[in-house]
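Take a walk through this protein, one region at a time. Keep the sequence and the 3D view side by side as you read.

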Amino acid sequence: MKNSWKHIRTILKYVWNSSPGWTVLNILLVLIRGVLPLLLLYLVKLLVDEIQTIAALPLDERDFSLLLTVLIAAGVIFLINALTASLGLLVRERQSYVISDFFDNLIHDKTTSLEYGYFEHPEYQSIFYRALNEASFRPSRIFYGVLGVIQNFITILVMGGVLLMVHWSVSVILLLITLPVSWIRLRHARDLFRFKKDNTLLEREVNYYNRLITAPEFAKEVRAFDLSGLFRRRFFNRKRKWRQTQFSMLVNKTRREIVVQLLAATCFFLVYGLIAWKAFDGQISIGEVVLYFLAMQRGYAYLQEFLGRSSSLYQDSLFLDNLFEFIDLREESKAVESKASLSFPSPIQSGIEFRNTGFHYPSNNRWILRNLNLKILPGETIALVGANGTGKSTIVKLLCSLYQPVEGEILVDDIPLSKIVDSQRVANISVIFQDFILYNVTARENIWFGDAQKPADDDLIKQAANRAGINNVIEGFEKGYNTTLGTVFEGSEQMSPGQWQRLALARSFYNNSQLIILDEPTSSLDAFSEAKLLKYIRSVTENRTALIISHRLSTIRMADRVIVLEGEQVTETGSYEELMSKNGSFKKMVDALSDSFI
Ligand SMILES: Nc1ncnc2c1ncn2[C@@H]1O[C@H](COP(=O)(O)OP(=O)(O)OP(=O)(O)O)[C@@H](O)[C@H]1O
């Protein structure tokens, strides 16, 4: 509850600070719309009383001027009601943009500043999932929920005043019969929140199978293996389980509400009886009977609406907890970055070194690297080899500071990598990951993203594309470098995996970084393209330090030095020829496997 208020206050404060004018207008509309129902009821009472008075007079003595005034006033109020409703919608839409922008920014800020490790952790993926699910609509709903509750509250207050005139107990009864309903709804809101929080994994599974069935990136394989039936069954089984619990919660809530509504109907019956008795007794006019009846009926309806809105507001604020849970995630990188104040050595003098480095992923304590010692000299081209799962890509992640070593250090010219400011590190280390991104933007932008901090340089873009052997493909498209690539947008050109890989390489060549890291850069290339590309890679890495991870012998042969990774450590290092003459594990790997892959 305490958190709920905190979240509601945060939103209201932001809305007020960002658009005070629109907020004042919104509040004004709420106040007007809050009292309008009472004015309308009062006019109905006047109307009935006046018609009754006129009807009792002889025809020639009848004066319709008051009746006309009341009718005009009713028309004006009706008009104000309609106009304020339309204007309210407009103002709401305008303010919802402000709220949505605020939370989009908050989420984008957080997502981009979080440690990369969070993205590979299932528990945090559930937090992301919950937060992103709520962010799109809850904050705006909270703001309008608050306004709605205020509007209802004003109406109820004035209606309550009218009902006090019948008897003081009427307002109290009305309030008492609505309290159990509100308790039932608040309880349901809390239970639903708990259920959803405890079952995020199940909900994510439902969505995962839905994506496997519907998302384009899975369509090929799902058809090839005919998996759609299996995935649909899994989707529906989980969805059914999910729905059953939610539905049984709803059934319980409805059962309780029915009991309470029966109680409310009995009270209504008694109050209507009291009003009728007062009319027969001559204590109130027919107009007042109409007024009280309507006030009773509308008052109860507004009270229900008020409680419904209050419980929705409570529910929204509970769910907003998910968003704030995400926003409050600790930002390790910020802490590291705040200590990072050094520049990247330029040019690198003594090299990049892993010194007694140890690392395991945060999700478990299984060491991937332990007491790792390796040094990459400036200008060297290193081939990092090892069996699957020995930690080669993990070394790349550490070099990109996506993770920090658990033990030991990574040094650039004896400066710890963690002490080098982010922007300097990014400018000096360019990397193409094994699972690089296929950006569905133009070919030009695809390459420019390699150094997007500077304006795009078309000559350099073309040069990088040439070196990666993709220039001819791009120029073959009708719109050349302005061709949108991929399959997402209309008018795009799709390329083969090997062509995408060369484009990704062009991206890494575009950046004039000192260290270039290529994680399996030729895995999708045919032998002919690979041979050609290796020449280009050689020329690109000539004056740079390069770390290339590969299972292909042709790529490994090109390196100045080969480093073999095995059992958490470096076991062999030397030129290709040196290692082959050593008869160690590298030679065994080469001999045991085919003539082109290790
Ligand atoms: N996010 C992660 N969380 C936990 N363990 C991970 C994570 N990523 C990788 N691993 C584990 O770390 C080990 C090393 O993985 P890595 O991807 O570095 O291997 P690799 O040598 O690059 O393999 P390959 O040759 O197949 O690309 C593997 O056993 C893998 O299971």
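Which residues does the UniProt annotation "domain: ABC transmembrane type-1" cover? According to the unreviewed UniProt entry, this annotation covers residues 24-315. UniProt positions are given in the numbering used here, feature names are shortened, and annotations may be inferred rather than shown by experiment.

Two points on reading the model come first. This is a predicted model: local features need pLDDT of at least 70, side-chain atom pairs count only at pLDDT 80 or more, and totals for chains, interfaces and linings use all residues. Residues are numbered from 1 along each chain as its sequence is written.

Start with the annotated span. Residues 24-315 are 89% helix and 0% strand. The end C-alpha atoms of this span are 26 Å apart. Helices (H or I, at least four residues) and strands (E, at least two) are DSSP runs, numbered from the N terminus. The unreviewed UniProt entry also places the feature "transmembrane region" at residues 21-44, 64-91, 142-162, 168-186 and 258-277. Two of these can be checked against the model. Residues 21-44 are 100% helix and 0% strand, with end C-alpha atoms 35 Å apart. Residues 168-186 are likewise 100% helix and 0% strand, and their end C-alpha atoms lie 28 Å apart.

Now the overall division. The protein splits into domain 1 (2-330) and domain 2 (339-592). These bounds come from an automatic or database domain assignment. The C-alpha centres of the two domains lie 54 Å apart. Where they meet, four residues of domain 1 are in contact with five residues of domain 2; contact means C-beta atoms, placed from the backbone, within 7 Å. The domain 1 side of this meeting has two nonpolar, two polar and no charged residues. In these classes, Ala, Val, Leu, Ile, Met, Phe, Trp, Tyr, Cys and Pro count as nonpolar, Asp, Glu, Lys and Arg as charged, and the others, Gly among them, as polar.

Gly-273 sits in helix H9 (residues 228-280). Is Gly-273 buried or exposed? Gly-273 counts as exposed, because it has 10 C-beta neighbours inside 10 Å. The scale runs as follows: buried is 20 or more other C-beta atoms within 10 Å of the residue's own, exposed is 12 or fewer, and partly exposed is in between, with C-beta atoms placed from the backbone. Gly-273 and Ser-585 are 312 residues apart in sequence and 98 Å apart in space, C-alpha to C-alpha.

Next, the ligand. The residues around it include Glu-120, Tyr-361, Asn-388, Lys-392, Ser-393 and Thr-394. A residue counts as near if its C-beta atom, placed from the backbone, lies within 6 Å of the molecule. By class, the shell has two nonpolar, eight polar and two charged residues. Helix H12 (residues 392-399) gives the largest share, three residues.

Then the core. The largest nonpolar core has 64 residues. Such a core is a set of buried Ala, Val, Leu, Ile, Met, Phe, Trp, Tyr and Cys residues joined through C-beta atoms within 7 Å. Helix H17 (residues 497-510) supplies its largest share, seven residues. Ile-382, Leu-384, Ala-506, Ile-517 and Val-562 have the most contacts inside the core. Beyond four places in sequence, Ile-382 touches residues including Ile-376, Leu-547 and Ile-563.

Pro-521 lies in the loop between strand E7 (515-519) and helix H18 (527-540). Pro-521 counts as buried because it has 27 C-beta neighbours inside 10 Å. Leaving aside neighbours within four places in sequence, Pro-521 is in contact with Ile-432, Leu-505, Ile-537 and Ile-548.

Finish with the backbone. A cis peptide bond joins Ser-346 and Pro-347, with omega about -5°. Pro-347 is in the loop between helix H11 (332-339) and strand E1 (352-360). Asn-371, in strand E2 (residues 367-376), has a positive phi near 50°. Asn-371 is partly exposed, with 15 other C-beta atoms within 10 Å. Asn-583 has a positive phi near 60°. Asn-583 is in the loop between helix H20 (576-582) and helix H21 (585-592), and counts as exposed with 10 C-beta neighbours inside 10 Å.

Definitions and conventions
Contact = placed C-beta atoms within 7 Å.
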